[in-house]
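Hi,

Here is the structure I said I'd pass on. Have a look at it first, then read my notes below.

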Amino acid sequence: MKAFFNKNFVKVFNLSLFMLVGAALVSSCSDSKFKVNGEIEGGEGKSMLLEKSDFHGRWIPLDSVKVSSSGEFSLEADAPASPEIYRLSLDDRFIYFPVDSIEKLTVRSSVAGFGRDFSVTGTPQAERLAEFEKELMTLDINDSVKATAFKRNVYNKYLKDAKGSIISYYVLTKIVGNKPLYDPASKEDAKYYAAVATSFQEFKPSDPHTQMLRQVSLDAMQRKNNAEGKKVVLEANELTLIDVELPDENGKMVKLSDVAKQGKPTVVVFGMMNQPESPAFNVALSELYSRLGGRVNFYHISLDADQYVWRDAARNLPWTTVFDQSGQTSDALVKYNVTSLPAFYIYNAAGSLVDRGENLRDLEKKLASY
């Protein structure tokens with residue numbers, strides 16, 4: 001099996017690289033270690049590497065060892081700041097395993113069966129990933145019928161209730177025979193990315209992998225919508241209102257149409273309240289709202305996983321803020337062809353969709369015309 005990152009992901013990985021580098025720095029400054037030891041039958045004198053991916057498809061050696069005359073080995077590395085996937089490398093064959101923090105794992109295999117016939121014990125997660133790897137060996141990725149059934153079963157077993165585990169990330173981004181197991185370019189696989197991204201957003205909002213999954217999910221959704229002819233064409237002079245009805249912070253259902261037909265321009269804002277950049281964004285948005293002097297309405301759709309965090313933040317905002325519990329699978333994202341967050345859509349005073357803002361500065365500039 002090859003590394004589980006597709007080269008097509010590089011652009012997305014670069015977006016979140018600064019978070020991952022920060023996590024690596026925190027980890028490297030720590031004295032906490034995780035250890036991997038075990039026994040490789042027939043491995044006397046063989047060199048073994050402990051490696052970690054750098055999120056560009058490259059695997060970086062962290063430690064190396066010569067297998068002893070009895071077949072035993074021991075390796076260690078700094079404990080990660082957040083769960084990560086590592087691997088043992090021997091003769092260009094690999095055994096993958098997850099590490100959460102300070103752990104001790106035991107790997108047993110043989111030179112002949114390395115990467116194919118092995119056991120990994122020490123944590124339930126490690127044992128579960130080893131189970132998936134062995135199931136994957138039975139898959140013919142080129143048989144589309146069997147591959148579809150396999151992916152459905154894998155989703156139900158490893159992804160559906162994973163709650164943002166590193167295994168779900170690994171499984172979703174696994175490469176098999178130079179092909180992604182779950183292809184984000186496939187409209188059939190887009191739903192799996194959306195489901196895992198929503199799970200990470202809900203259970204691991206500050207995990208470095210969450211940003212990448214969210215962006216890949218949105219990109220996959222955009223391709224799917226475009227293929228199905230759902231793209232919103234904003235180059236037209238005017239578009240009819242694309243209505244949305246969602247609950248505000250008091251639980252009251254609020255229709256966009258009720259806000260957008262009050263004789264003022266209306267901006268539909270898609271965003272989140274529980275991201276590191278959210279407080280600064282809300283301050284900047286509040287300043288823009290104040291400069292507009294009440295002549296423009298905001299209808300702010302939040303896609304947060306944590307409704308309580310959203311509600312606390314929404315109560316401090318002077319415009320209409322609503323909550324979409326569907327997150328990355330939101331129908332509103334589909335209807336508006338949202339491909340990144342935050343996103344801004346402008347309705348004129350007559351309630352027609354006329355433009356979109358690329359950012360807050362662009363939004364303010366365009367609102368001057370309405």
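Asp-91 and Arg-93 meet through their side chains in a salt bridge, with N and O 4.0 Å apart. By salt bridge I mean a side-chain nitrogen of Lys or Arg within 4 Å of a carboxyl oxygen of Asp or Glu. Both residues are partly exposed, Asp-91 at 40% relative accessibility and Arg-93 at 26%. (Buried is under 20% relative accessible area, exposed is over 50%, and partly exposed is in between, using a 1.4 Å probe and protein chains only.) Lys-46 joins Asp-91 and Arg-93 in a network of salt bridges.

Before you go further: this is a predicted model, where local features need pLDDT of at least 70 and side-chain atom pairs count only at pLDDT 80 or more, while totals for chains, interfaces and linings use all residues. Residues are numbered from 1 along each chain as its sequence is written, and side-chain values use heavy atoms, leaving out hydrogens and water.

The structure holds 13 salt bridges. One of them pairs Arg-87 with Glu-51 at 2.7 Å, N to O. It links distant parts of the chain, 36 residues apart: Arg-87 is in strand E5 and Glu-51 in strand E2 (residues 47-53). Are these two buried or exposed? Arg-87 counts as buried at 7% relative accessibility, and Glu-51 counts as buried at 7% too.

Now for the sheet. Strands (E, at least two residues) and helices (H or I, at least four) are DSSP runs, numbered from the N terminus. Four strands make an open sheet in the order E3-E2-E5-E6, with antiparallel pairing; two strands pair if DSSP finds at least two bridges between them. At the edges sit E3 (59-66) and E6 (93-99), each pairing on one side only. Seven bridges join E5 (residues 84-90) to E6, and Ile-85 has Pro-98 as its bridge partner in E6.

Last, the helices. Which residues of H3 (residues 144-159) are buried? They are Ala-147, Phe-150, Lys-151, Val-154, Tyr-155, Tyr-158 and Leu-159. Seen down the axis of H3, they fall within an arc of 140° (taken from the directions from the helix axis to the C-beta atoms), so they line one face of the helix. An α-helix has 3.6 residues a turn, so residues three or four places apart point the same way. On the other side of H3, Val-145, Lys-146 and Asn-153 are exposed. The buried residues of H3 pack against H2, H4 (166-172) and H5 (190-203), with contact meaning heavy atoms within 4.5 Å.

Cheers
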